[in-house]
Amino acid sequence: EVEIPAVQNSDEDAMKRLQKMIRPFVLRRLKKEVLTDLPDKLEENMFVQLTGEQQKLYDAHVKAGGKIVPFAGYLLPVQYGTGVITEHMAVREKAGLFDVSHMGEVLCQGKDALANLQKLLTNDFTNMVDGQARYSPMCNENGGTVDDLIVYKRGDNDYFIVVNAANKDKDYQWMLDHQFGEVTFTDASSEYGQIALQGPKAMEILKKLTAEENIPKKYYHAVFDTEVAGIPCIISKTGYTGEDGVELYLASENAEKMWDALLEAGKDEGLIPCGLGARDTLRMEAAMPLYGHEMDDEISPLETGLKFAVKMGKEEDFIGKKAMEERGEPKITRIGLKVTGRGIIREHQDIYVGEKKIGHTTSGTHCPFLGYPIAMALVDAGSVEIGNKVEVDVRGRKVEAEVIALPFYKRAK
């Protein structure tokens, strides 16, 4: 382990010292603990120059002992001194705090804002109420997935869109390239920090810092123009862990103050900071798809289990609809695998029934709460059903797995 110094953007000497200190550490860590949510070619882009936007919570992570890695143009904690397993279990049993300030935020406003969303996105946004959130893929002309995102309705023709960190520039440009009529898309990512408080104790902690009426009552809803710990923010209730919890969107300059206030308020409930590693294992247990793994520019949302968010019957044609219709019934489907043999399955590993290759894994890891390795995969439609045995080629060795229902984990209500 190494002690990571705080780095200011203008301090070139400190940046060079940081690079020299953590390069070998990061490489050793990644070789030891491969996580699906990290870049494939990390060595090619090992370091980023920290801007004001990217330093939203960097110093807080360093102070808390975070093991820092580059991700989506930021330096973020892959884990803290407690380790991924402890962080994962804290979210399942108590509460965990995540910095997700690297996610992108785009505003869609104007007379034709709704019409633009109806064209750009596969879901239907015509029946949303103020404060409601809705998940949707955004597709290209071939029916592949540009990204998956969440849209919040703030008011008539006023929408707040949250996009994936690694895709935010691509997504924003896609929106600009396909806009029409009286609409304005604004990339507001630099203005917002985002902190996620997740776990069965999350609401108990949050109620110490804000009035109950400020907290959304329903899943996939948000309260705008509210406050937590006296700090103006948006409180939303979506989540990427499979647990109860909230996301707090707030001015970037207030992010560290909010982070500290939440950790202090949650001490007695066992709240701890959590990194990218636990975020990935938690979303895996909850079988939540990740862009670049379960979907990409070539994979249709219909092929990866997202039919619920593709409204083929809505009045407006959306980008990619015609291609999906021409493709017909999906030729591949997403499944869950429980490893019954010896080993851990990772992504990009071929799956066989007998001698026949039927697909490949998209994500895989050992899940701490479940206590066994799991994977998600894309396979030929109709090739297997729940309960069937398959074999996965793990570096030339066949590892047995069983097809099981998704999600792997679902919290008790």
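Is Lys-389 buried, partly exposed or exposed, and what is its relative accessible area? Lys-389 turns out to be partly exposed, at 44%; here, buried means under 20% relative accessible area, exposed means over 50%, and partly exposed is in between (1.4 Å probe, protein chains only).

A quick note before the views. This is a predicted model, where local features need pLDDT of at least 70 and side-chain atom pairs count only at pLDDT 80 or more, while totals for chains, interfaces and linings use all residues. Residues are numbered from 1 along each chain as its sequence is written, and side-chain values use heavy atoms, with hydrogens and water left out.

**View 1. Lys-389 and Glu-402 pair up in a salt bridge.** Their closest N and O atoms sit 3.8 Å apart; a salt bridge is a side-chain nitrogen of Lys or Arg within 4 Å of a carboxyl oxygen of Asp or Glu. Lys-389 lies in strand E18 (residues 389-394) and Glu-402 in strand E19, so the pair ties together parts that are 13 residues apart in sequence. Strands (E, at least two residues) and helices (H or I, at least four) are DSSP runs, numbered from the N terminus. Glu-402 is partly exposed, with a relative accessible area of 23%.

**View 2. Lys-153 forms a salt bridge with Asp-130.** This time the closest N and O atoms are 3.9 Å apart. Lys-153 belongs to strand E6, and Asp-130 to the loop between helix H4 (113-120) and strand E5 (133-139), so the bridge links parts that are 23 residues apart in sequence. Lys-153 is buried, with a relative accessible area of 11%.

**View 3. Glu-204 meets Lys-201 in a salt bridge.** The N to O distance is 4.0 Å. Glu-204 is partly exposed at 42% relative accessibility, and Lys-201 is partly exposed too, at 31%. The structure holds 17 salt bridges.

View 4. Most residues other than glycine have a negative phi, and most peptide bonds are trans. Asn-157 sits in the loop between strand E6 (145-155) and strand E7 (158-163), and is partly exposed at 26%. Asp-225 has its place in strand E10 (residues 222-228) and counts as exposed, at 79% relative accessibility.

**View 5. A cis peptide bond joins Leu-406 and Pro-407.** Omega is about 0° here. Look for Pro-407 in the segment after strand E19 (397-404).
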